[in-house]
Amino acid sequence: MRSHHVWQALTRSGYLLSHWPWRAAGYLLSSAPVGVVVLLVIVLGTAVGSVLAVALIGLPLLALIALSGLPVAAVERRRLRIVDRRPASTPHRVPDEPGLLAWGRTRFREQATWRELGYTLAFATVLWPLDLLALGMALVVPVGLAATPVMMATVGDGEEAPVLKMWTATSWPEALATAVPGLLLFAVSGYAIGAVAAARAGLTRLLLAPRETGPGREVTELVRSRARLVDAFEAERRRIERDLHDGAQQRIVALTMMLGLARLDAPPGALADQLAKAHDEAGKALAELRELIQGIHPKVLADFGVGAAVADAADRSAVPVDVSVDLPQRLPEAVEAAAYFVVCEALANVAKHSGARRAEVAGRHAEGRLVLEVRDDGCGGADAGRGSGLTGLADRVSVLDGTLALSSPAGGPTLLRVEIPCEAAERPAQSRPG
């Protein structure tokens with residue numbers, strides 16, 4: 001059976017005759033050049049950063065030093081293949097947004113980045129010297145003993161040879177007798193080197209390629225799949241809105257115009273009355289279709305952002321609404337869509353159930369969170385646990401890791417507060433033309 005890593009090979013017969021002892025020795029030996037290069041880079045980078053820190057030029061250098069664990073960890077994961085054939089995948093996640101800024105923000109917030117930096121510092125100062133020391137100690141005794149006949153022939157002119165600087169072999173029989181234990185100790189050294197390499201590889205895998213198992217991995221995958229579903233849902237919503245706007249709506253507009261022209265040309269009578277009814281029904285169908293398109297994904301939301309869309313929804317509300325939404329920059333599309341539909345549903349509930357004379361919508365983006373509040377002076381008594389539309393709003397917000405809080409005592413007033421974590425987009429919010 002084929003061994004997949006050196007620790008597995010150590011437990012099987014034929015280890016000494018396989019390639020694993022050589023791979024283990026190569027793994028320990030190859031850590032030296034990598035460790036020396038990493039140590040030099042850290043020392044030089046820290047020195048340059050300290051000198052330039054007075055002028056604030058060293059801050060980017062210090063940031064590079066903080067991220068220096070990433071390439072070192074990548075090299076170590078590849079070097080791990082010398083003694084461990086199992087995949088060693090990166091623990092870093094893909095940034096949610098493209099661009100260098102999003103990449104850096106993601107990396108600095110990950111535990112894996114700082115774990116790799118700690119490993120890099122330990123590797124540059126402690127681990128690679130220990131690798132060489134273990135390899136040297138495992139080989140110095142058997143090599144010193146086995147080389148006694150060679151030393152006698154070359155250095156001692158066939159008369160004597162130093163043995164490990166501890167005693168001197170003064171005859172060929174003694175030199176040959178000393179070499180035999182050295183050859184036997186090579187077998188012990190092979191196992192010792194394999195054990196040390198296995199321990200080092202295990203430490204590297206633990207710190208740089210940890211296996212995420214159990215509930216944690218399932219939760220992580222659930223969060224990622226939920227985000228993908230949200231994006232797919234919003235994309236499908238926009239596609240339906242575009243198809244209705246560019247397809248069905250245009251056909252109904254054309255039908256309405258044709259019926260209107262036919263109505264004008266028809267003589268008075270039953271035919272004219274039927275054309276008039278058909279023209280009115282087509283106009284009603286067009287109005288309903290436009291309301292449906294507006295509810296799916298309003299154009300004002302796509303063009304001008306959630307602030308303008310909320311103001312538009314307030315203008316169409318049956319209850320007078322005061323709007324105070326201060327968002328200097330655009331937000332992610334999924335967040336804007338969720339915030340808009342939360343406000344629309346809340347205003348619809350106010351108009352249907354609260355008996356309020358006035359409502360208020362306030363919104364702001366602060367400390368990486370969008371905060372929306374919808375107030376009304378109605379009768380109160382709203383309960384999200386009774387199967388109302390508020391449950392759907394809470395589910396929609398929770399998909400984006402947001403929270404929904406409701407305060408609605410009997411007699412009012414009612415306050416609906418929504419918080420959604422998000423980062424402002426790079427593009428500024430456009431002003432809606434008045």
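**Salt bridges, buried side chains and a surface patch**

A salt bridge connects Glu110 with Arg107, and the closest N and O atoms of the pair are 3.2 Å apart. The model described here is predicted. Glu110 has a relative accessible area of 10% and is therefore classed as buried, the limit being under 20%. Arg107 is likewise buried, with a relative accessible area of 8%.

In total, 13 salt bridges were counted in the model. One of them joins Glu76 and Arg79, with 2.8 Å between the closest N and O atoms. Both residues belong to helix 4, which covers residues 69–79, and they stand three residues apart, about one turn of the helix. An α-helix has 3.6 residues a turn, so residues three or four places apart point the same way. Glu76 and Arg79 are both buried.

Another salt bridge is formed by the side chains of Arg369 and Glu419, at a distance of 3.1 Å from N to O. This pair links distant parts of the chain, since Arg369 lies in strand 5 (residues 369–376) and Glu419 in strand 7 (residues 414–421), 50 residues apart. The two partners fall into separate accessibility classes: Arg369 is partly exposed at 28% relative accessibility, whereas Glu419 is buried at 19%. Because buried means under 20% relative accessible area, the value of 19% places Glu419 in the buried class. Arg369 and Glu419 also take part in a network of salt bridges that includes Glu373, Arg375 and Arg417.

Helix 6, spanning residues 111–146, contains Tyr119. The relative accessible area of Tyr119 is 2%, so this residue is buried. Beyond residues up to four places away in sequence, Tyr119 touches Glu76, Leu127, Arg200, Thr204, Leu207 and Leu208. Glu76, one of these contacts, is the residue that forms the salt bridge with Arg79. With Thr204, the contact includes a polar contact of 3.2 Å between the two side chains. Tyr119 is also 8.1 Å from Ala73, C-alpha to C-alpha, although 46 residues separate the two in sequence.

Leu130 is found in helix 6 as well. In contrast to the buried Tyr119, Leu130 is partly exposed, with a relative accessible area of 45%. Together with Val126, Leu133 and Met137, Leu130 forms a nonpolar patch on the surface, and the accessible area of these residues together is about 380 Å².

Ser189 is located in helix 8, which runs over residues 172–208. With a relative accessible area of 6%, Ser189 is buried. Apart from neighbours within four places in sequence, Ser189 is in contact with Ala138 and Pro142. A polar atom of the Ser189 side chain lies 2.5 Å from the backbone oxygen of Ala138.

Helix 12 (residues 306–315) is mostly covered, seven of its ten residues being buried. The buried residues are Val306, Ala308, Ala309, Val310, Asp312, Ala313 and Ala314.

The count of disulfides in the model is zero. As for individual cysteines, Cys379 is partly exposed at 42% relative accessibility, while Cys422 is buried at 8%.

Methods
Residues numbered from 1 in each chain as written. Predicted model: local features only at pLDDT ≥ 70, side-chain atom pairs only at ≥ 80, totals over all residues. Heavy atoms only, no water. Buried < 20%, exposed > 50% of the residue type's maximum accessible area, 1.4 Å probe, protein only. Helix = DSSP H or I, 4+ residues; strand = E, 2+ residues; numbered from the N terminus. Contact = heavy atoms within 4.5 Å. Polar contact = N/O pair within 3.5 Å; in protein donor to acceptor, adjacent residues only side chain to side chain. Disulfide = S-S within 2.5 Å. Patch = residues over 30% accessible without salt bridge, like charges linked within 9 Å, V, L, I, M, F, W, Y side chains within 5 Å. Areas by Shrake-Rupley, 256 points an atom, 1.4 Å probe, with all protein chains shown as cover. Salt bridge = Lys/Arg side-chain N within 4 Å of Asp/Glu carboxyl O.
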